[in-house]
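This briefing is intended to be read beside the sequence and the 3D structure. Please consult both while working through the points below.

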Amino acid sequence: MINIYEVNETNQMIEQENLDVRTITMGISLLGCADQDLGRLCDSIYDRITTQARDLVSVGEQIEKDYGVPIVNKRISVTPISLIAGSCARSIEDYVRIAKTLDRAAEAVGVNYIGGFSAIVSKGMTEADELLMRSLPYALPATNCMCSSVNVGSTKTGINMDAVRLMGEIIVETARNTKDGDFPHCAKLVVFCNAPDDNPFMAGAFHGVSEPDAVINVGVSGPGVVKTALESCRGESFEVLCETVKKTAFKITRVGQLVAKEASERLGVPFGIIDLSLAPTPAIGDSVADILELMGLESTGAPGTTAALALLNDQVKKGGIMASSYVGGLSGAFIPVSEDQGMIDAVQRGSLSLEKLEAMTCVCSVGLDMIAIPGDTPASTISGIIADEAAIGMINQKTTAVRLIPAVGKKVGDRVEFGGLFGYAPVMPVNSFSCEGFINRKGRIPAPIHSFKN
Amino acid sequence: MNRVIITVVGKDTVGIIAGICTYLAEHNINILDISQTILQGIFNMMMIVDISGADISFDTLSDGLETVGTEKSVTIKCQREEIFTSMHRI
């Protein structure tokens with residue numbers, strides 16, 4: 001039988017170390033909604049989402065109550081909209097109307113976010129893909145909880161540089177369309193390479209075409225729990241360090257697995273995957289940077305940071321894999337700047353640069369996430385940053401992503417406020433040398449060779 | 001068997017366990033195990049109970065014990081056992 005020490009350990013994780021289940025995300029296929037009439041398409045998207053996800057929030061809340069563990073977000077991901085809208089959406093306005101429909105459906109069922117206003121353009125863009133992308137500077141400001149993603153490359157196809165160039169321009173335009181005091185709309189837009197079909201985390205969640213009609217994916221969290229565990233192994237060997245991370249990741253993931261199984265049974269929707277991610281929050285101590293510093297770095301970004309992060313990421317996966325029957329999504333450690341107080345401090349201390357963050361993305365999940373850059377950064381430079389990240393993903397057969405927030409009217413050192421779980425971000429300097437000649441070339445970077453690994 | 005873990009944390013006073021046990025008995029809830037410890041000077045108790053014969057739902061039990069806790073100035077929490085077995089048992 002369970003003993004009092006085990007009960008206290010679990011409850012201390014929840015009450016003092018910010019253990020939570022970050023999200024239950026229901027993936028919903030909208031492939032059956034395709035229609036030649038825009039009005040009918042919007043109606044059937046709304047009906048499909050509000051019927052399938054009707055009980056998602058109430059079931060999530062009951063699970064929270066039953067087990068005493070917070071489930072921070074309930075979310076929905078849908079089929080990439082460019083796949084189902086091509087038959088009837090002919091203009092930017094048509095896409096904005098679909099975006100508003102998604103937003104309305106999400107608000108009706110009470111979820112925090114809906115993702116899937118997306119286009120998969122890793123080799124080429126259809127007319128529908130391009131229209132969706134061009135609608136983003138209008139669709140994002142017109143909606144509250146809708147998130148968008150564009151996949152511009154993959155290991156199998158190479159990188160679509162025409163899409164990379166376009167996304168640089170779209171990010172700049174979206175930033176310009178963000179009014180003063182608004183939540184920065186660029187935070188709801190992510191550019192991927194090798195985007196997974198089953199990611200439960202925003203802004204990049206969409207319900208891929210390889211998925212069933214509906215599915216439950218769960219994202220776990222818990223940097224604070226790992227940090228507390230590591231406090232007991234200061235000065236210990238790497239073996240002790242790795243074992244501690246692994247055991248802690250196992251425990252965290254088991255909670256996610258329980259919640260996923262329960263949600264799947266109660267909603268009558270198949271269980272998809274657990275995303276084994278250490279997702280930080282602005283709460284003090286719930287930080288990936290703090291974990292790296294506990295390992296022995298004076299400040300995140302110091303030499304040794306990439307190795308420490310690689311170790312952390314790998315041990316989280318090793319511990320988590322055994323705790324869950326199915327693992328997928330982004331799985332790894334997230335290193336957003338804004339959502340992690342330790343990262344913000346490192347930037348402000350001058351120890352962490354954009355270039356070091358780029359190196360860190362080679363060994364952990366996702367990529368350059370929630371980074372505020374000066375508002376006057378040229379579109380071609382943003383495209384260059386996207387191309388660099390996509391190249392890391394393409395060559396290393398991993399998911400990478402870019403979520404940059406150009407802060408219009410702000411300069412290096414200023415702050416961009418997001419509020420809530422997103423925190424704030426200091427505006428970081430960007431290399432000012434131009435890459436325009438490279439970005440303005442047409443076409444795509446070919447798929448890489450899969451031999452001669454060096 | 002439908003097991004629930006009840007935890008009580010707070011300043012030790014007379015009648016905490018009596019208050020909880022009376023409430024449980026009134027609703028036909030069987031106590032399987034009780035253990036307690038003092039952690040950093042704070043009273044800490046855990047009960048494992050079986051609610052399969054209970055005349056109230058889990059939610060009512062949870063809210064009811066919260067009220068008992070408020071009266072005694074302690075925090076009482078109810079959780080289904082699976083969260084602990086998932087985390088601590090392979």
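Two strands pair if DSSP finds at least two bridges between them. Helices (H or I, at least four residues) and strands (E, at least two) are DSSP runs, numbered from the N terminus. Under these terms, Thr23(A) stands opposite Asn73(A) in S2(A).

This is a predicted model, in which local features need pLDDT of at least 70 and side-chain atom pairs count only at pLDDT 80 or more, while totals for chains, interfaces and linings use all residues. Residues are numbered from 1 along each chain as its sequence is written, and chains are lettered from A and ligands numbered from 1 in the order in which they are written.

**Domains of chain A**

- Chain A is divided into domain 1 (22–193) and domain 2 (220–445), with bounds that come from an automatic or database domain assignment.
- A distance of 22 Å separates the C-alpha centres of domain 1 of chain A and domain 2 of chain A.
- Between the two domains, 40 residues of domain 1 of chain A are in contact with 43 residues of domain 2 of chain A; two residues are in contact if their C-beta atoms, placed from the backbone, lie within 7 Å.
- On the side of domain 1 of chain A that touches domain 2 of chain A, at least two residues each are supplied by several elements, including strand S1 (21–28), helix H3 (56–67), strand S4 (146–154) and helix H7 (161–176) of chain A.
- H7(A) provides the largest share of that side of domain 1, with 11 residues.
- By class, that side of domain 1 holds 24 nonpolar, nine polar and seven charged residues. Ala, Val, Leu, Ile, Met, Phe, Trp, Tyr, Cys and Pro count as nonpolar, Asp, Glu, Lys and Arg as charged, and the others, Gly among them, as polar.

- S1(A) is largely enclosed by the rest of the structure, because eight of its eight residues are buried. A residue is buried if 20 or more other C-beta atoms lie within 10 Å of its own, exposed if 12 or fewer, and partly exposed in between, with C-beta atoms placed from the backbone.
- S2(A) is mostly covered, with seven of its eight residues buried.
- S1(A) runs parallel to strand S2 (residues 71–78) of chain A, and seven bridges join them; in this pairing Ile28(A) stands opposite Val78(A).
- S1(A) also pairs with strand S7 (residues 214–220) of chain A in the antiparallel sense, over seven bridges, and Val21(A) has Val220(A) in S7(A) as its bridge partner.
- S2(A) is joined by three bridges to strand S3 (residues 113–120) of chain A, to which it runs parallel; here Arg75(A) has Tyr113(A) as its bridge partner.

**Helices H8 and H9 of chain A**

- Two packed helices are described by the angle between their axes and the distance between the axes.
- Helix H8 (residues 223–231) and helix H9 (residues 238–267) of chain A have axes that come within 10 Å and cross at roughly 145°. Axes are lines fitted to C-alpha atoms, for helices over the stretch in contact, and angles run from 0 to 180 degrees between N-to-C directions.
- The crossing of H8(A) with H9(A) is right-handed; a crossing is left-handed if the near helix is turned anticlockwise from the far one by less than a right angle, and right-handed if clockwise.
- Val225(A), Val226(A), Ala229(A) and Leu230(A) in H8(A) meet Thr244(A), Val245(A), Thr248(A) and Ile252(A) in H9(A).
- The residues of this contact comprise six nonpolar, two polar and no charged.

**Gly181 of chain A**

- Gly181(A) is located in the loop between H7 and S6 of chain A, and counts as exposed with 6 C-beta neighbours inside 10 Å.
- The C-alpha atoms of Gly181(A) and Phe418(A) are separated by 9.3 Å, although the two residues are 237 residues apart along the chain.

- Four strands of chain B form an open sheet in the order S2-S3-S1-S4, with antiparallel pairing.
- S2 and S4 of chain B are the edge strands, each pairing on one side only.
- Nine bridges pair S2(B) with S3(B) in the antiparallel sense, and Leu39(B) has Ile42(B) in S3(B) as its bridge partner.
- Across the interface, 22 residues of chain B are in contact with 19 residues of chain A.
- H3(B) gives the most to the side of chain B that touches chain A, with seven residues.
- That side of chain B has seven nonpolar, nine polar and six charged residues.
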